[in-house]
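Work through the two exercises below with the sequence and the structure side by side, and try each task before you read its solution.

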Amino acid sequence: MQTRPKDSPIDGVGIVAILHKPSGPELLLQKQFRPPVDKAVIEIPAGLVDAGESAAESAVRELREETGYHGVVSEVSPVMFNDPGFCNTNLNMVHVTVDMSLPENQNLKPELEDNEFIEVFSLPLEDLYAECKKLEGEGYAIDARVGTLAEGIEIARRWKL
């Protein structure tokens, strides 16, 4: 199945949405049941790029549709391949900041498709690694993008980078 628009170098985006809260930065996450693993999966917001759409535009749209949050893009990663030994699916990770003081980020109104059932939550960045281990122990599957981000934060902490 072809998921990449002809005019796009990528299939989709993964959204690293950081909520700025008085208690510190939190990563926006989702719980969504995924039939291939027969579990609810802890994921970052993500989605396919539409024809004629940049990675940044796609990320802002998908964030609003899946979570109701409005954010501002601060960074777009290089193209990343999800599993190049298996398929050619790729994406850009898009960093988005969410200002929690804005009125549009108070009463959220996601625009989910009929087949989407997504629970949105956030976790403090400083606790992400431990929380992923805890969630796995509770029976959730951890998406590789979330796990890799948590591992990166933990490695930086352990090596004082």
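**Exercise 1.** Which residues form a nonpolar patch on the surface?

Solution. This is a predicted model, in which local features need pLDDT of at least 70 and side-chain atom pairs count only at pLDDT 80 or more, while totals for chains, interfaces and linings use all residues. Residues are numbered from 1 along each chain as its sequence is written, and side-chain values use heavy atoms, with hydrogens and water left out.

The patch consists of I155, W159 and L161, which together have about 430 Å² of accessible area (Shrake-Rupley method, 1.4 Å probe, with only the protein chains shown counting as cover for residues). Within helix α3, which spans residues 144-158, you will find I155 (helices are DSSP runs of H or I with at least four residues, and strands are runs of E with at least two, numbered from the N terminus). The relative accessible area of I155 is 44%, so I155 is partly exposed (buried is under 20%, exposed over 50%, and partly exposed in between).

**Exercise 2.** Find the strands that pair with strand β2, and explain why β2 is largely enclosed.

Solution. Start with strand β1 (residues 12-21), which runs antiparallel to β2 and is joined to it by 4 bridges (two strands pair if DSSP finds at least two bridges between them); here L19 stands opposite E26.

Next, strand β8 (residues 118-124) is also antiparallel to β2, with 7 bridges, and L27 has L123 as its bridge partner.

Then take strand β3 (residues 39-43), which is joined to β2 by 5 bridges in antiparallel fashion.

Finally, β2 is largely enclosed by the rest of the structure because 8 of its 11 residues are buried.

Terms used: Patch = residues over 30% accessible without salt bridge, like charges linked within 9 Å, V, L, I, M, F, W, Y side chains within 5 Å. Salt bridge = Lys/Arg side-chain N within 4 Å of Asp/Glu carboxyl O. Buried < 20%, exposed > 50% of the residue type's maximum accessible area, 1.4 Å probe, protein only.
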